[in-house]
Amino acid sequence: MNKTVIDSSTNQTLIIMKLFIYCLFALLVLNCTTPAPVDNSAQEAFEKNSKTVLDNLTGWQNENLDYSMYADDFAMMETGFNTEKDSLSLSEMMENDKNLWATYDFKMLNKPALLPGVNQVTKKPDGSVRHYSNWKITMSATDSTEAKSAEIRLYESFDFDSEGKIRYQQVYGDFSGIMMYLNSQE
């Protein structure tokens, strides 16, 4: 056998062995590095804030909402038809709640499906909570009218401040339609 052929074969074997050793070393180094810690803060905030939302819904249904769960700079987006303002302050919302409870009874018909919300810019979970729920609204009987009920499907979202207080709230449903029906003379 030719010495040149043997040297060439030996060189190829050495190159393959070196590549194999380098690959093993790289795998060893990669496996020894500590993975970055998983950031569960958004999930933890969502779980904590979900409890606040459930307390909020229960309190609202029972007409004894604890408004201390709201931030001082709270705003509720006005989503109704032809509203005069784009949002309500906490005191305005409290007055609206009082007026609604004086005229109507509210009953949630299902356990709300709570879902994590996302930051509008990053599109990543941010601890906010949104939900879908079905409600029965009843207008009590008076001397001249019978009690009247109707059901409405709602979508609602809650954003929280750093202290876990509700900072921003919005609710969507056909309130105009249901109020027209409940207050009609039929």
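1. Let me start with Gln-169. Leaving aside its neighbours within four places in sequence, Gln-169 is in contact (heavy atoms within 4.5 Å) with Tyr-70, Phe-74, Ala-75, Met-76, Met-77, Met-93, Glu-156, Ser-157 and Phe-158. Gln-169 sits in strand E7 and counts as buried, at 3% relative accessibility. On the scale used here, buried means under 20% relative accessible area, exposed over 50%, and partly exposed in between, with a 1.4 Å probe and protein chains only. The side chains of Gln-169 and Glu-156 are joined by a polar contact of 2.6 Å. A polar contact is a pair of N or O atoms within 3.5 Å; within protein, one must be able to donate a hydrogen and the other to accept it, and residues adjacent in sequence count only if both atoms are side-chain atoms.

2. A word on the basis of this note. This is a predicted model, in which local features need pLDDT of at least 70 and side-chain atom pairs count only at pLDDT 80 or more, while totals for chains, interfaces and linings use all residues. Residues are numbered from 1 along each chain as its sequence is written, and side-chain values use heavy atoms, with hydrogens and water left out.

3. Now the overall layout. The protein has four helices and seven strands, where helices (H or I, at least four residues) and strands (E, at least two) are DSSP runs numbered from the N terminus. Their order from the N terminus is α-α-β-β-α-β-β-β-β-β-α. Of the 186 residues, 27% count as buried. Among contacts with a separation of 6 or more, 56% are between residues 24 or more positions apart. The accessible surface comes to about 13100 Å², and carbon and sulfur atoms hold 56% of that surface; the areas come from the Shrake-Rupley method with a 1.4 Å probe, and for residues only the protein chains shown count as cover.

4. On to the interior. A nonpolar core here is a set of buried Ala, Val, Leu, Ile, Met, Phe, Trp, Tyr and Cys residues joined through side-chain atoms within 4.5 Å. The largest one has 30 residues, and Tyr-70 and Trp-135 have the most contacts inside it. At least two residues of this core come from each of H2 (41-61), E1 (70-77), H3 (90-103), E3 (104-108), E5 (125-139), E6, E7 (166-172) and H4 (175-183). E6 gives the largest share, five residues.

5. Two residues deserve a look on screen. Beyond four places in sequence, Tyr-70 touches Asn-56, Leu-65, Leu-90, Met-93, Lys-165, Ile-166 and Gln-169. Ile-152 belongs to strand E6 (residues 148-160) and is buried, with a relative accessible area of 6%.

6. Finally, the charged pairs. How many salt bridges does the structure hold? There are two, a salt bridge being a side-chain nitrogen of Lys or Arg within 4 Å of a carboxyl oxygen of Asp or Glu. In one, Asp-73 pairs with Arg-167, with the closest N and O atoms 3.3 Å apart. Asp-73 lies in strand E1 and Arg-167 in strand E7, so this pair ties together parts that are 94 residues apart in sequence. Asp-73 is partly exposed at 48%, as is Arg-167 at 30%. In the other, Lys-85 pairs with Glu-92, the closest N and O atoms being 2.4 Å apart. Lys-85 is partly exposed at 39%, and Glu-92 is partly exposed at 29%.
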